[in-house]
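Reader: Could you walk me through how to read a few features here? I would like the general idea and then the case at hand.

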Amino acid sequence: MRPSSQRGVQGFRGPVAALLLSALALLISPLAFVPGADAATPQSAAVPGPAAMLDDDEATFVLLVNEYRAAHSLPPLTIDLVLMATAQQWTSVMSGRGTIFHAEDLSIGVPDGWAKLGENVGYAPVGQVQVLFEAFVASPLHRANLLDEGFDRIGVSVVEADDGRIYTTHRFMETTEAQPMSAMERAHHLMTRAPDEPTAARP
């Protein structure tokens with residue numbers, strides 16, 4: 001079943017510009033809740049999950065997200081291998097086109113086991129991870145994804161493009177609890193069912 005979506009746009013101007021979009025996709029029928037994903041073994045309190053697979057910028061984003069959630073008495077998000085892969089694919093699409101936009105269907109490439117999906121995307125000059133994160137926090141729709149109590153998984157991708165910018169996609173997930181799927185099973189699912197390139201969301 002295709003999720004419905006809510007989108008917003010927030011622009012920031014100044015020496016460091018960051019253009020952002022935020023989407024929150026909700027499953028519209030509780031009858032569609034299906035087997036979920038098992039959390040990976042935490043590597044650290046701030047960046048649980050397969051943190052070794054992240055580059056420096058990606059790890060910094062996850063650290064900032066979880067520190068921000070901790071400051072609001074929320075549990076950290078666990079890194080999810082499938083969300084990392086789908087985020088990487090989408091960031092590559094955006095950086096290749098030199099702009100940011102949303103996937104029409106955030107569930108493409110994601111196996112059964114989720115109740116809700118969300119996405120934050122943005123870009124900023126290379127080296128400005130902190131500034132871009134602060135722009136996310138300053139935007140109500142982006143902040144809503146960061147502080148969503150239901151989300152328990154995250155996948156972050158950062159691509160440094162030839163235009164001197166970093167492009168980033170943050171995918172969020174709320175998992176279901178029935179018949180949990182291990183992280184390795186989820187990764188195998190992704191490798192055996194590669195997602196198609198999503199369609200661009202309407203502005």
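Author: Gladly! The expected span of a helix is 1.5 Å times one less than its number of residues. Helices (H or I, at least four residues) and strands (E, at least two) are DSSP runs, numbered from the N terminus. This is a predicted model, where local features need pLDDT of at least 70, side-chain atom pairs count only at pLDDT 80 or more, and totals for chains, interfaces and linings use all residues. Residues are numbered from 1 along each chain as its sequence is written, and side-chain values use heavy atoms, leaving out hydrogens and water.

Reader: What span should the 17 residues of helix α2 have?

Author: Helix α2 (residues 81-97) should span 24 Å, and its end C-alpha atoms are 25 Å apart, which agrees. Just after α2, G98 has a positive phi of about 70 degrees.

Reader: Which residue caps the N-terminal end of α2?

Author: D80 does, with a side-chain oxygen 3.0 Å from the backbone nitrogen of V82.

Reader: Is H170 buried or exposed?

Author: Buried means under 20% relative accessible area, exposed over 50%, and partly exposed in between (1.4 Å probe, protein chains only). H170 has a relative accessible area of 0%, so it is buried. H170 belongs to strand β6 (residues 165-175).

Reader: How do β4 and β6 pair?

Author: Two strands pair if DSSP finds at least two bridges between them. Here β4 and β6 are antiparallel, over 11 bridges; one of the bridges links W114 with T175 in β6. Strand β4 (residues 114-125) has 11 of its 12 residues buried.

Note on methods. Polar contact = N/O pair within 3.5 Å; in protein donor to acceptor, adjacent residues only side chain to side chain.
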